[in-house]
Amino acid sequence: MGEPGTSAVEAVGAPPGAPPGARLGLPQATALVVGNVVGTGIFLLPASLAAVGTISLPVLAVTTVGAMAVAVVLGRLGARIPAGGGPYAYAREAFGEFAGFWTAWSFWLTAWAGNAGAAVAWVGYVDYFLGWHGTTAGVVLGLAGIWAAAAVNLTGVRSMGRFQLATTVLKFLPLVLVAVAGLFFLEVANFGPLVEGGGSVWDAAWLAAGLILFAYSGMESVAIVAERLADPARDVGRASVLGVAACGALYLLVTVAVFGTVPHDRLAHSTAPFADAVEAMAGGGLGGELWGGVLAACAIAAGLGVLNGWTLLVAEMPLAAARDGMFPRAFARLTPRGVPAVGVVTGAALTSLMLVFAYASENAFATILLFASFTSAVPYFFSAAAQLLWLRTRGRSAHRRRAVADTAVAVAALLFATAMVYGAGERAVMLGVLALLAGVPVYIRAKARRGEYGPRETAVQGS
């Protein structure tokens, strides 16, 4: 039932009812996490953080600890519930279908909105070569990247997995280069003030947190596509933890390296900070431009990888929800290659609209990033809450010591999700709540089509 050439090994471990197609192993699953977390956002993030101040560096360290807590929680839940949809399935099992629906809806908002943010950052590096500045050029280039990723996804999960693995390698090489080499070129004078403009340290710290928190969005990637893994019960946890640990170490090193090699004033206004860092390390001139161009090219390849990975997630979450009757049935239809084509195309179209909206805003990248920070907090919050509920009701009797440790980690993950909401800021939270409320009519329609009133378990069926 899989793609031509799918081996028996690839099909082992596929849950009943899983979509047809090739299976992802641990390397591809980890690459999916890394590819979606370390997106084009990291290639632009140092410039955004420089505009806040060096207070961003300790905030980044604390945020990494919180992200690891969420990754561990997702791993525990994924091992226990290896179902497609990840956080959607966890919330639905623990709290019922409406909590599951709202989790799925919120993640769906995050996926296509965040993909637009990835496209904005990707355009900045394409412009490094083309020099096509301006709103129209940004929109045209961004749309090209979005629909190229959609085309890759429509060819099937095997092609998508290979593309993701290749672009992840291309992404890591230049980042590791900057992280290691940059430490030998640090200059204290480049770091700039603790708080840009001399404002409140508290406000600056939360602004930095709002920017950083979304940088870890995507750690739930492998949980969402659990049904496409060869061994989901084992690999959801391993890939989540390995992926986030690698991303966290890389984030800390490269941010320090870029802060210390690029003069603060230049970095705060840069559209290609890593290329600027390599140029600074190479001493400028022709050699610096050459190495800056190499890194910019790698950033472009990395950007296509993250657009590719998030396009998969845009389709996978509504696929899981549609199979349970929570999303329109069209999202559950699969092509012969096991691709939820309606989800891919719809997601790409919505991402395109978000891209246009972002470029109409004063700060395109920050506008999308803060909105998506809020919407991504909802799945994390419900996942951590589901784990806490299970530990309080069923998990205490066995492995008492482990239950205590798991409870502490789940509480940390819950606090991380709460911090994401606070750090997103008032405007992003307002827009996010409105977007969540917009999903309620979709839920009403789904319930009405089934003739249900009240919880599904006790619903009175209509005629």
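Is T64 buried or exposed? T64 is buried, with a relative accessible area of 10%, where buried means under 20% relative accessible area, exposed means over 50%, and partly exposed lies in between (1.4 Å probe, protein chains only). The structure is a predicted model, in which local features need pLDDT of at least 70 and side-chain atom pairs count only at pLDDT 80 or more, while totals for chains, interfaces and linings use all residues. Residues are numbered from 1 along each chain as its sequence is written, and side-chain values use heavy atoms, with hydrogens and water left out.

**Overall make-up and confidence**

- The chain holds 19 helices and zero strands; helices (H or I, at least four residues) and strands (E, at least two) are DSSP runs, numbered from the N terminus.
- Of the 463 residues in the chain, 57% are buried.
- Among the contacts in the chain with a separation of 6 or more, 82% are between residues 24 or more positions apart, a contact being heavy atoms within 4.5 Å.
- The average pLDDT of the chain is 79, and 86% of the residues score at least 70; pLDDT is the predictor's confidence in each residue, from 0 to 100.
- Over residues 1-22 the pLDDT is below 50, and this stretch has 49 contacts in the model beyond near neighbours in sequence.
- Residues 458-463 also have a pLDDT under 50, and for them the model has 10 contacts beyond four places in sequence.

- T64 lies in helix α4 (residues 56-80), and, leaving aside its neighbours within four places in sequence, T64 is in contact with Y216, G248 and L252.
- T351 has its place in helix α15 (residues 341-359) and is buried, with a relative accessible area of 0%.
- Once neighbours within four places in sequence are set aside, the contacts of T351 are W112, N115, A116 and I146.
- The 19 residues of α15 should span 27 Å at 1.5 Å a residue, and its end C-alpha atoms are 27 Å apart, which agrees; the expected span is 1.5 Å times one less than the number of residues in the helix.
- Buried residues of α15 include G343, V344, G347, A348 and T351.

- A428, G432, A435 and L436 are buried in α18.
- Seen down the axis of α18, its buried residues fall within an arc of 100 degrees, so they line one face of the helix; the arc is that of the directions from the helix axis to the C-beta atoms.
- E426 and R427, on the other side of α18, are exposed.
- In helix α19 (residues 440-449), the buried residues are Y443, A446 and K447.
- After α19 comes G451, whose phi is positive, near 70 degrees.

**Aromatic rings**

- The structure holds 19 aromatic pairs; rings of Phe, Tyr and Trp (its six-membered ring) pair if their centres lie within 6.5 Å, and planes under 30 degrees apart count as stacked, over 60 as edge-to-face and the rest as tilted.
- The rings of F191 and F259 have centres 6.5 Å apart and planes at 50 degrees, so this pair is tilted.
- This pair links distant parts of the chain, with F191 in the loop between α8 and α9 and F259 in helix α11 (residues 232-261), 68 residues apart; both F191 and F259 are buried.
- W206 and Y422 form an edge-to-face pair, 4.5 Å centre to centre with 65 degrees between the planes.
- Because W206 lies in helix α9 and Y422 in helix α17 (residues 400-424), their pair ties together parts that are 216 residues apart in sequence.
- W206 counts as partly exposed, at 23% relative accessibility.
- Ring pairs also link F98, F101, W102, W105, W108, W112, F327, F331 and Y443 into a cluster.
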